[in-house]
Amino acid sequence: MRRAIWWMTTALAVVAVGGSAYAWGRQQQLNGQAMAAMVNAQYDGALHNALADMESLRGALASAMLVADPVSFDRHLSDVAKFAYAGENDLSRLPSNISADHNMNEFLHTVDSQVEHWMISNQNPGAASVQQALTSYYNRAGNVISGLERIVNAPRTTAPFWTDGRQLAPAARDGLARLEQSLGTMVSDASTHSSAVSGKSKVASPILVQSTDAIKRVGAAAGVDKTTEWKAQLHTVGENAPYYVVSGDTKRGSVRAEVSATTGKLISYHLTRPIGVAKYDFAQAATDAQAWLAHQGYHQVVRADAGNTDGIARFAYQPVISGLPVLDSSFNVVVALDNGQVIGFYEQGKLPPTSLPKVTKALPANALRAKLGPKFHTQSERKVIVENPNGNWVQAMAYEGVLGDEPYRVIIDLQTGHELRVDRLG
């Protein structure tokens, strides 16, 4: 009798443990599905919003071409700048490794900078160069719209459309890559046109680095010696051209990186591997990230942002030129918190020359503050380096504060006192 009771008790215990394990496993599955749904919504929303902004941008460009009145022209140019900026923000919500060139962002930035220059300089809407540029932007916007429509309207499968929070599903990624590639020549043409208007010529950078050296550069960044099977493909168009795309496999995962064919510097780096339980100290990861960045040749930096999610820490550093941070540029380092390994790196924004002319006639501090509206409550201010609408790098004062309950940043040129732009923060 006792033996029977013992066996019965043991069986019930096994059932209870098994049921708990099943319940735990089911909860993990539900959590994973919820995370996939959240990622789906985020990236689908970003693409749909980018498409809507691009359609609005094309409409504003058409309106600007249809009017000759300077006041109406400026109003439509303001809409163009607004939708270009919104499109850049929506695209920034997508993973940084969707493509090699980021030509869509470059196109939007070019449009935004050009129309702001026209507004500041009171450009004649009937000028041939203006109409030619507007027509070019209008046609390019149409090509982007067609490409985005193919991506957002593509049939979905029952599997998650996005693989995880860091990388797009292959179908969407490949579609964006094709769109980026088709825009490469267009962006290059736009840069040439913009340079011609401003009286400057853009000379193609020479190819000074061999493919084998580019592979060695990425191997050193990954801490890998055996790279005989790795490949390097040269790209001669795009924002960072000329550059190599280096790819290969390691024992810990697959590597994809970009290396400048002129300087040999690492432009981007991504190691795809499973991430284990987070047990690496976050503060130490920050120290390691900056040391890793210095090994890549980026010594003069200041940390601008940091955070961690899902066992991964991300650190953003702004380059420092002439003692001042470059506001719209950053080096981003991604660290796995299971063992402190750097698994990602990418640049954002343009980089100015390593030295800039000194400011000879900076306006007094009170004169600069007088450029701010009376309802803007300043909370902080700092000197920075930014690119003005003419494509020149200048020193400016960045004022951050609130208008009512809304956070804003106003950037004013130190020498001219002109407002360079207004950013809504948060």
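A residue counts as buried when its relative accessible area is under 20%. The model shown is predicted.

**View 1. Glutamine 318 in its strand.** Glutamine 318 lies in strand E6, which covers residues 312–321. Its relative accessible area is 8%, so glutamine 318 is buried.

**View 2. What surrounds glutamine 318.** The side chain of glutamine 318 comes to 3.3 Å from the backbone oxygen of leucine 327. Neighbours within four places in sequence are set aside here. Beyond them, glutamine 318 is in contact with Gln300, Val301, Val302 and Ala304, among others. Its contacts also include Pro325, Val326, Leu327, Ser329 and Ser330. Arg382 is another contact of glutamine 318.

**View 3. Strand E3, largely enclosed.** Strand E3 runs over residues 254–260. Five of its seven residues are buried, so the rest of the structure largely encloses E3.

**View 4. E3 beside E2.** Strand E2 spans residues 243–249 and pairs with E3 in the antiparallel sense. Seven bridges link E2 and E3. Aspartate 249 stands opposite serine 254 of E3. E2 and E3 form a hairpin with four residues between the strands. In this hairpin, glycine 253 takes a positive phi near 155°.

**View 5. E3 beside E4.** Strand E4 spans residues 266–272. E3 and E4 pair in the antiparallel sense, over six bridges. Valine 259 has leucine 266 in E4 as its bridge partner. Five residues lie between E3 and E4 in their hairpin. Glycine 264, in the turn, has a positive phi of about 80°.

How values were computed:
Residues numbered from 1 in each chain as written. Predicted model: local features only at pLDDT ≥ 70, side-chain atom pairs only at ≥ 80, totals over all residues. Heavy atoms only, no water. Helix = DSSP H or I, 4+ residues; strand = E, 2+ residues; numbered from the N terminus. Buried < 20%, exposed > 50% of the residue type's maximum accessible area, 1.4 Å probe, protein only. Polar contact = N/O pair within 3.5 Å; in protein donor to acceptor, adjacent residues only side chain to side chain. Contact = heavy atoms within 4.5 Å. Pairing = 2+ DSSP bridges.
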